[in-house]
Amino acid sequence: MFENKYDTSAKLHTTLISNKEINETHLAKIKNRVIYVNTLMKQLPLPSENGAYILLVKEGNPLSYFSLVKDSISIGRSQDSYIPVDDGNVSRLHCVIERNNSIFTISDNESKNGMTVNGEKMQSRILCDGDIMRIGSYELIFVLNKNLTM
Amino acid sequence: MAKENKNYDQLNTSITFIGKLKDEKEDMWSLFYDNYASMIINFARKRGCSKELSEDVLQETAMALFRYMPNFEYDREKGKFRSFLFKITESKIIDAFRRSGKLSLLKNSEIFDSRAVNSEEEFASSTHLWDQAWEEELLSKAVVIVRQKVQSKTFNCFEKVFLKGLTAKEVADEYRINTNLVYQHKHKVFKMVVDVAKKLLKEYNNQ
């Protein structure tokens, strides 16, 4: 490695160019998000069963995990919601998480105040492990618990 | 890309590093992240991920590492930490492509139809890109270190000629120095970068 001058020179050039494409701000946000989520998960450990979960958080306090076992999960102020959220700024049926095979998508249900995912206002997002949705004063954190075959 | 390298010496021994990761100390996680995040992004980009998808891969890899690290048993005979990280990252890239419904865009997708990364062919193909990303990462870190070691004018001569494609004469005119001196600066910095990268490689090879 690094013995061939011309090869190394080309790689160094590629490196310096590709580094310009990396968004340091985004990397810092991801880092903070992962640390934050894992801090919450230390306070309230993830259920041991494999699967997808929503961790409901209010003002930095983890409240409970909801297992995403159904194909459609309703989230809102209505007590009929699968994940009920008691907040005046949350619509009765605020958003929905739909499962297609092992892919989970959250969609805003034309709610009055909308939702953010990882700090950005969004209508819909295919969820990734560690994503943080905010509706009203609550955070919904998507976490996956699955074994990694190594 | 500006990166902090002040904690570099803390990565001297992989066992210590992994032990600290297992302890889940936040500063060590930060160290892990600062040292590997851009490499993971770079690898994901090489595998065909968009910028957005590569950031998803980084998030999921970091999440997975938090989760798996407490059960990770470091064994020099079985492999290095980097191999462990490669396997996690690779599986997250496949997940990301599946989610986006663009598995066909994954480089060498025909050999990634099955979830497991088992065959020698697919392993070699993917590890080659991982190794490339690793080499580039070491060079990148070396550049940051060398930039701190040389005078700014010396580094600027290298950067302007090597990266920005200016001629030595253009740079010489800008700094009012001899053209030969611009070449000397460029070669000096390049040699230092390679030397530092080799040193870093040696340090990391135990991981």
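Tutor: What follows is a short talk about chain B and its contacts with chain A. This is a predicted model, in which local features need pLDDT of at least 70 and side-chain atom pairs count only at pLDDT 80 or more, while totals for chains, interfaces and linings use all residues. Residues are numbered from 1 along each chain as its sequence is written, chains are lettered from A and ligands numbered from 1 in the order in which they are written, and side-chain values use heavy atoms, with hydrogens and water left out.

Student: What helices and strands does chain B have?
Tutor: Helices (H or I, at least four residues) and strands (E, at least two) are DSSP runs, numbered from the N terminus. Chain B has 8 helices and 0 strands.

Student: How much area do chain B and chain A bury between them?
Tutor: The size of an interface is often given as the accessible area lost when the parts come together. That loss, found with a 1.4 Å probe, is summed over both parts. Here the two chains bury about 4,500 Å², 66% of it on carbon and sulfur atoms. Contact means heavy atoms within 4.5 Å, and 48 residues of chain B are in contact with 48 residues of chain A.

Student: How many salt bridges are there between chain B and chain A?
Tutor: A salt bridge is a side-chain nitrogen of Lys or Arg within 4 Å of a carboxyl oxygen of Asp or Glu. The count is 3, and one of them joins Arg125(A) and Asp56(B) at 3.1 Å, N to O.
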